[in-house]
Amino acid sequence: MSSSPIQKCLKIFYTKTVDNFLLVVSMSLTVAAIAVMARSNPNGLTDRIQALNHSHHILLIGLFLATAVTVYILQRPRTVYLVDYACFRPPYNYRVPSASFAEHVRQVSQFSERSVRFLTRLLERSGLGEETSLPPMSFYIEGYKYSTLEAARKEVELVIFSAIDDLFAKTGIDPTTIDAVVVNCSGFSPTPSMADMIASKYKMRSDILSIHLSGMGCSAGLISIDLAKNLLQAMPQGARALVVSTETLTPNYYLGNERAMLLPYCLFRMGGAAVLLSTSPAKARFRLKHIIRTLTAGDDRSYRCIFQEEDDKGNTGVNLSTDLIAVASNTFETNITTVAPLILPVSEKLLFALSLASRKLFKMRKKVRMPNLLTGFEHICVHAGGRAVIDGIQRSLRLSDEHVEPSRMTLHRFGNTSSSSLWYELAYVEAKRRMRKGDRVWMIGFGSGFKCNSAVWECIVPASNEDGPWAGCIHRYPVHIP
């Protein structure tokens, strides 16, 4: 049932008034004060001003206010900005069409006929398209023979150095001006670390802070952002941090036949992203508003729902339990209870409070009005971990197909790229020219542990062109996924 024009106008008036309550009150008081002073007796007004000028209270009040403002400025955390970001775009010869993938698994002698049928059916229903990519090792029939440390390092260098090169080219930043490097990659942790590889490649300063996070799962990208934010807020104003998110597939080649451990083999694909953060607003494109992290590892079911282990034949892989979707839903609910008060406008929170109070005080049977989370953001990026994950978030938040379009199309074009998938989704929104100045973006990441992490960004300057991972193919999207 559509609202009348009068109802729409009243709703807009209510929302604007409540959300800007402090501004409305302060402006009203200022206008009232000016009106009173204007109507005062000029001679009386002059006498009052002279009396106040001779009062020592003015000096004390001024000193108190100056001290309070100074303390507030010194104590408040520095705002962290996203200068720019870049995503790895795999070479065309690394792509794995579904027919090639199905034929390949038939030729792998370690896979049983039952596993081949399972992987084929899973790929058909996965939501992955024909242009996802895998590292060269995956094209060999006996791929495990080529799953070497050297091959893994080459994959790392290709992915992260390509993304970083694009980022430095876009921003024009000299690598020697970077103050911190934070890298996350769950399944591969070489020595020297990936952060050291970056510092060596780009000849960074000797006093740079370098950190490599491993074993943190697909939500590690936002953990890295949170860590970099904390580092930047403890550094001098204008410091810069480089955050790199990726997952290396070469050393994580599973050769067993456990269905729960075959799922990652089918869904994960090559990908990576490089992000430049700073406490200087110069050339910044987004402002970091909030980061909320939730970990439910205290619950055994949550802790073991994504678990690296050996199967009964001694093959190492990652086991995805049947509890995964339920655990993800519960962890997301916990996370959202913290995020909602931060992102919802005052008007929406007031309506919820009034609804709850009316039910409690007057014992009304009317259902409590749940807050409309869509009022807290314009765009949402849900980790493209699989169709079930995206479907679950869409149902629970009552999102439209357009809201989850970036996640579905990222899964289709690039597959599950682990922690970097959120940046491919943000790039999709910008490539579609849907981002506007002031728009809020809610990123949601899920990972082992079990973790659900959220980040909220505010757009300062939208992308000026369509360059990025979607260049050359954005015109084909969105596509219908049966």
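Reader: How far apart do the end C-alpha atoms of residues 208–225 lie, and how much of the span is helix and strand?

Author: Helices (H or I, at least four residues) and strands (E, at least two) are DSSP runs, numbered from the N terminus. In this predicted model, local features need pLDDT of at least 70 and side-chain atom pairs count only at pLDDT 80 or more, whereas totals for chains, interfaces and linings use all residues. Residues are numbered from 1 along each chain as its sequence is written, and side-chain values use heavy atoms, with hydrogens and water left out. For residues 208–225, the end C-alpha atoms are 17 Å apart, and the span is 33% helix and 28% strand. The unreviewed UniProt entry lists 208–225 as "transmembrane region", together with 21–38 and 58–74; such annotations may be inferred rather than shown by experiment, and their positions follow the numbering used here, with feature names shortened.

Reader: In which sense do β2 and β3 pair?

Author: Two strands pair if DSSP finds at least two bridges between them. Strand β2 (residues 180–184) and strand β3 (residues 209–213) are joined by five bridges in the parallel sense, and Ala180 has Leu209 as its bridge partner in β3. From β2 the chain passes through helix α8 (residues 194–201) to β3 in a right-handed β-α-β crossover, right-handed meaning that, with the strands pointing away from the viewer, the path from the first strand over the helix to the second runs clockwise.

Reader: Which residues have the most contacts inside the largest nonpolar core?

Author: In soluble globular proteins, nonpolar side chains tend to be buried together. A nonpolar core here is a set of buried Ala, Val, Leu, Ile, Met, Phe, Trp, Tyr and Cys residues joined through side-chain atoms within 4.5 Å, where buried means under 20% relative accessible area, exposed over 50%, and partly exposed in between (1.4 Å probe, protein chains only). The largest core has 97 residues, and those with the most contacts inside it are Ile198, Met204, Leu242, Leu277, Trp423, Trp457 and Trp470. Helix α7 (residues 149–171) gives this core its largest share, nine residues.

Reader: Is Phe168 buried or exposed?

Author: Phe168, which lies in α7, is buried, at 10% relative accessibility. Counting contact as heavy atoms within 4.5 Å, and setting aside neighbours within four places in sequence, Phe168 meets Ile173, Pro175, Ile178, Tyr202, Met204 and Leu242.

Reader: How many residues of α16 are buried?

Author: In helix α16 (residues 421–431), eleven of eleven residues are buried, including Trp423 and Glu425, and just after α16, Arg433 takes a positive phi of about 60°.
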